[in-house]
Amino acid sequence: MILFHLKYVLYPNLREKESKLKKKPSNRSEYNFFSKISTRWNDNDIYGHMNNIVYYALFDTAVNKWLIQNNLIDIKNGKNIGLIVQSGCNYFSSFQYPEDIDAGIRVTKIGTSSVRYEVGLFHEKDEISSADGFFVHVYVDRETNTPISLNYDFKKTLDTIFVEL
């Protein structure tokens, strides 16, 4: 207990920095597009809740579903692909099988060749997310793996789910 208090004496701004690191769940109203995703039997782990790796698969599924529906990527024959170069997740409450999840999707940054997607996972009737995740896609040429510049039409479509934070 003495060590706990000593760190705040030695580093007086530490408590403030720690509180800034704690993320709060997002609100459903912060997203303007939702995709319904169902959990599967094998999503549950031995503890009876959804394993953390499944959350990342849900983020990827929700965003790629949106990209495909909006004709922004062709996963089989497209010249360009998106590679994840950074990702993260904050967990607030669990999901389990069987359950339908509302995945809120937004874009928060559009670069020359990269896009930051954020996904909030919600229980069907909840206003506050159970998990918030993000990942950054860098779009590259499928054959050379070199970054490409996003064209105007691609960016214009991304703008439909862009949210300034």
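Modeller: The accessible surface of the protein chain is about 10,500 Å², with 54% of it on carbon and sulfur atoms. Such areas come from the Shrake-Rupley method with a 1.4 Å probe, and for residues only the protein chains shown count as cover. This is a predicted model, where local features need pLDDT of at least 70, side-chain atom pairs count only at pLDDT 80 or more, and totals for chains, interfaces and linings use all residues. Residues are numbered from 1 along each chain as its sequence is written, and side-chain values use heavy atoms, leaving out hydrogens and water.

Colleague: Which pattern does the protein chain follow along the sequence?

Modeller: The pattern reads α-α-β-α-β-β-β-β-α. That comes to four helices and five strands. Both are DSSP runs numbered from the N terminus: helices are H or I with at least four residues, strands are E with at least two.

Colleague: Why is Y55 called buried?

Modeller: Buried means under 20% relative accessible area, exposed over 50%, and partly exposed in between (1.4 Å probe, protein chains only). Y55 has 3%, so it counts as buried. F95 has 1%, so F95 is buried too. Of the 165 residues of the protein chain, 38% count as buried.

Colleague: What makes Y55 and F95 a tilted pair?

Modeller: Rings of Phe, Tyr and Trp (its six-membered ring) pair if their centres lie within 6.5 Å; planes under 30 degrees apart count as stacked, over 60 as edge-to-face and the rest as tilted. By this rule there are nine aromatic pairs. Y55 and F95 have 6.1 Å between centres and 50 degrees between planes, hence tilted. Y55 is in helix 3 (residues 52–69), while F95 is in the loop between strand 2 (80–91) and strand 3 (100–110). The two are 40 residues apart, and the pair links distant parts of the chain.

Colleague: Why are Y56 and F59 called edge-to-face?

Modeller: Their ring centres are 5.8 Å apart and their planes stand at 75 degrees, so the pair is edge-to-face. Y56 and F59 are three residues apart in helix 3, and therefore separated by about one helical turn. Y56 is partly exposed at 30%, whereas F59 is buried at 1%.

Colleague: Which residues form an aromatic cluster?

Modeller: Y31, F34 and F122 form one.

Colleague: How do you know that the charged end of R116 sits over the ring of F134?

Modeller: The rule asks for NZ of Lys or CZ of Arg within 6 Å of the ring centre and within 35 degrees of the ring normal. The charged end of R116 is 3.9 Å from the centre of the F134 ring, and it is listed as sitting over that ring.

Colleague: What joins the side chains of T108 and E118?

Modeller: A polar contact of 3.1 Å. The term needs a pair of N or O atoms within 3.5 Å; within protein, one must be able to donate a hydrogen and the other to accept it, and residues adjacent in sequence count only if both atoms are side-chain atoms. T108 is in strand 3. At 18%, T108 counts as buried.

Colleague: And what does K155 touch?

Modeller: Contact means heavy atoms within 4.5 Å. Leaving out residues up to four places away in sequence, K155 touches I110, G111, T112 and L150. K155 is in helix 4 (residues 152–158). At 30%, K155 is partly exposed.
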